[in-house]
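Please have the sequence and the structure open while you read.

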Amino acid sequence: MNSSARAVVIGGGVVGASVLYHLAKIGWTDVMLIEKSELTAGSTWHAAGGMHTFNGEANISRLQKYTIDLYREIEALSGQSCGLHPNGGLMLAATQGELDSLKLICSRARYLGMETQMISMAEAQQLNPLIDPSYFCGALWRADGGHCDPSGTTHAYAKAARQLGASIERFTRVLSLTQRRDHSWDVLTDKGTVHAEHVINCAGLWAREVGHMVGIELPVLAMEHHYLLTEDLPELKGRDREVVNTTDYAGEIYLRQERGGMLIGTYEPNGIPWAPIRTPDDFSMQLLPDDFARLAPYFEVGFKHFPALGRVGIRKAINGPFTFAPDGNPLVGPVRGLKNFWVACGVMAGFSQGGGIGLVLSRWMAHNDPGQDIISMDVARFGSFATPKYTAIKVPENYSRRFRLAYPNEELPAARPVRRSPIYDRLLGAGAVMGANFGLEQALWFAPPGVARNETPTYRRSEAFPIVGAECRAVRAGVGIYETSNYGKYEVTGRGARAWLDRVFASRIPKPGRLGLAPMLNTAGRIVGDLSIACLAEDRFLIIGSGFAEEFHLRWFWQAEPPADVFVRSAASTLAGVSIAGPGARALLQRLVRVDLSAAAFKLFQVRETTVGFAPAIVTRAGFTGELGYEIWTTPDYFASLYDDLWDSGRDLGLTRFGGRALSSLRLEKGYGSFNKDFRPDYTAAETGLDRFVDFNKPEFTGRSAAVAERVGGPVRRFVILEVAAIDADVVGYESILKDGKAVGYVTSGAYGHCVGKSLAAGYVPTALAREGETLEIDILGEMCRATVRIEPLYDPQGARLRG
Ligand SMILES: Cc1cc2nc3c(=O)[nH]c(=O)nc-3n(C[C@H](O)[C@H](O)[C@H](O)COP(=O)(O)OP(=O)(O)OC[C@H]3O[C@@H](n4cnc5c(N)ncnc54)[C@H](O)[C@@H]3O)c2cc1C
């Protein structure tokens with residue numbers, strides 16, 4: 001074994017093997033994989049090998065397609081077969097909701113360039129003759145996917161990596177990791193120490209334990225998972241093609257052909273976590289005892305929906321563990337505070353995702369940039385709220401919903417509430433329907449007295465539609481109050497703060513008493529943040545961003561290496577906030593403050609520290625609704641008093657509570673994009689339109705040269721708002737935008753604009769089509785809807801109300 005390597009990959013499952021291959025491919029040939037047993041010995045060897053391109057996130061779908069397409073490449077390079085059965089996939093719907101969901105997948109697939117279509121049940125039966133069509137109402141066929149041989153695939157990666165110069169040490173256990181002062185690592189194994197610049201945790205079932213070696217608690221948990229292999233089926237004899245891999249959402253069943261029989265697996269409702277505290281060291285190439293008594297009712301559903309399966313015997317049962325993150329997506333990327341330590345774990349679909357994970361991680365390590373937006377599989381989407389208790393509750397919930405289609409208006413109940421603001425009970429008492437953002441409860445909408453809080457999960461407009469409409473109108477006509485505690489908040493202080501911020505942000509850093517909109521770019525000139533900076537004093541700044549991205553932005557700030565005279569800290573739990581918006585906002589706030597709020601005295605984008613009623617507060621004249629508005633920040637101990645004061649003072653002004661749904665509608669009427677939906681690391685400053693806040697006169701800031709270069713040629717696509725002739729469903733995201741039947745872009749977010757009376761979509765289209773009145777189409781749940789580009793905001797285009 002060599003005593004040094006540029007990078008050591010811990011774990012030789014399908015994920016570690018892929019990471020090794022991709023590092024070698026990107027040119028890091030001095031890389032070593034260390035595996036404590038045989039390759040595949042963890043969860044990989046007993047997988048069912050199913051592969052598909054389906055994921056709620058477009059970029060992850062693309063990476064899954066990349067993974068599947070890659071197999072031919074590694075087969076050619078290694079000479080090792082991946083045992084591919086590229087027979088595509090069928091998804092079966094039993095309810096109108098599931099059917100809608102399949103239609104949404106079809107709309108998305110068009111722009112992703114994937115061959116997908118809705119087919120009749122008769123066509124579905126030709127692809128899988130075992131289906132009893134009486135249980136289903138529709139089907140989707142996709143050409144991508146099928147299944148592969150887990151062991152062959154892992155060995156193909158490994159052999160291909162070796163051919164490129166990588167080395168693999170089997171039967172070698174990593175015992176501990178120690179970081180040197182230069183941030184390189186001593187990897188202590190039972191066969192000696194390897195000195196490595198970088199370490200990657202691909203330890204699968206043991207990812208948690210490898211995390212402990214460096215003092216972190218990764219939110220991963222293993223679940224037991226069963227599948228059965230049947231005896232040969234007479235129905236399959238003589239067929240010239242394999243039964244297509246089939247997913248039955250209603251039955252929570254998947255099946256595929258295995259020789260002359262079938263493989264059938266289920267994700268049952270009351271799944272069992274495996275090794276919840278510590279993964280046994282000696283678990284290698286092992287299975288778990290089967291538990292038919294517990295699982296029989298779920299498999300019986302499968303025998304009903306696919307009756308031929310019930311007529312043959314079971315040849316073999318497999319029960320094996322594999323790991324999940326709380327939301328079911330992988331955990332990938334660098335970990336804040338630990339230089340040169342990377343993770344690629346919590347991968348529940350290694351054969352669909354392993355290749356894509358290797359690709360983005362190798363780019364991230366080599367170029368300090370994954371090359372595309374992957375926030376939904378970034379380890380930084382979880383923060384300190386994702387404790388072991390949270391993970392222990394959330395992972396079984398996710399497991400039980402593996403085959404439930406997620407509705408856009410659905411809020412999952414497990415591990416709630418975790419983080420509560422001081423006014424949580426007041427909001428609940430006022431009828432709030434809550435969602436969770438980064439573990440923090442936030443009001444989505446307020447059920448009026450006598451109206452039920454439960455909303456039917458749907459892709460179409462729900463019972464909440466008219467209620468959200470009323471909240472929107474109340475804001476525009478009078479004044480509304482919205483809790484902003486769920487925003488990301490950071491304090492940057494110290495003598496060097498301004499100079500450091502100037503380097504990190506692309507915008508001008510505001511003077512004391514001012515607030516500035518502040519895009520943050522990566523070196524490729526792509527958007528990694530759309531924040532606002534309030535300058536409280538020359539050496540004191542409050543930065544506000546997206547709550548979901550708190551850990552992501554903290555990691556970004558840490559990577560930007562604040563010097564010794566700059567202090568960055570999260571104010572997530574030390575500041576709570578509220579926004580008031582609408583023409584009555586000034587009159588309301590003036591009742592509680594002594595400072596003059598007149599338009600001339602406190603202008604748009606000014607900030608003041610003052611008292612508001614009982615509360616010492618930071619007040620900014622800003623907001624996201626397009627109305628005259630203020631955001632007020634105070635410490636949690638004063639927050640309830642602040643809220644009560646505002647509420648009591650606003651009664652006669654018609655003060656109305658509004659939630660996140662209304663905010664989405666109001667912001668789209670103004671054409672405002674939102675980070676993580678519309679603005680992501682996939683888009684450049686000019687594409688998003690955030691270039692108008694970039695200070696090109698600054699000699700230096702991250703992403704400057706890329707942003708300057710883009711200015712010369714202009715952006716290839718642009719962010720626009722589209723007015724959609726929708727029927728009873730608004731866009732939810734990632735639907736294809738078409739011109740003359742050809743996909744030219746996709747939707748990033750949408751809502752019904754209640755005050756303009758139009759369904760709205762936000763998205764990106766080629767620059768040539770980003771002109772007022774251009775007519776395009778969006779496929780919403782199978783209906784082609786006219787979509788007209790609107791360059792001017794639909795509401796208050798001159799911004800008169802905002803300037804108030
Ligand atoms: C029954 C079942 C069916 C499945 N079906 C499918 C499917 O159809 N399609 C699909 O895509 N996925 C499926 N999966 C999931 C799939 O198995 C996982 O996504 C995949 O195996 C994860 O691979 P990994 O490399 O992350 O982890 P693992 O395979 O667990 O690999 C981790 C490796 O790290 C090694 N290691 C750990 N600690 C150390 C240490 N200290 N030193 C050295 N080495 C160490 C281990 O020995 C192990 O080999 C299934 C899983 C099960 C259980």
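## Cysteines

C345 counts as buried, because its relative accessibility is 2%, where buried means under 20% relative accessible area, exposed over 50% and partly exposed in between, with a 1.4 Å probe and protein chains only. The sulfur of C345 lies 8.0 Å from the closest cysteine sulfur, that of C202, which is too far for a bond.

A disulfide is here a pair of cysteine sulfur atoms within 2.5 Å, and by this rule the count is zero. C82 takes part in no disulfide either, since the nearest cysteine sulfur, in C148, is 6.8 Å away, and C82 is likewise counted as buried, at 0% relative accessibility.

## How the model is read

The model is predicted, so local features need pLDDT of at least 70 and side-chain atom pairs count only at pLDDT 80 or more, while totals for chains, interfaces and linings use all residues. Residues are numbered from 1 along each chain as its sequence is written, and side-chain values use heavy atoms, with hydrogens and water left out.

## Around the ligand

A backbone N or O atom of G50 lies 2.8 Å from a ligand oxygen atom, and a backbone N or O atom of V174 is 3.0 Å from a ligand nitrogen atom.

Key:
Polar contact = N/O pair within 3.5 Å; in protein donor to acceptor, adjacent residues only side chain to side chain.
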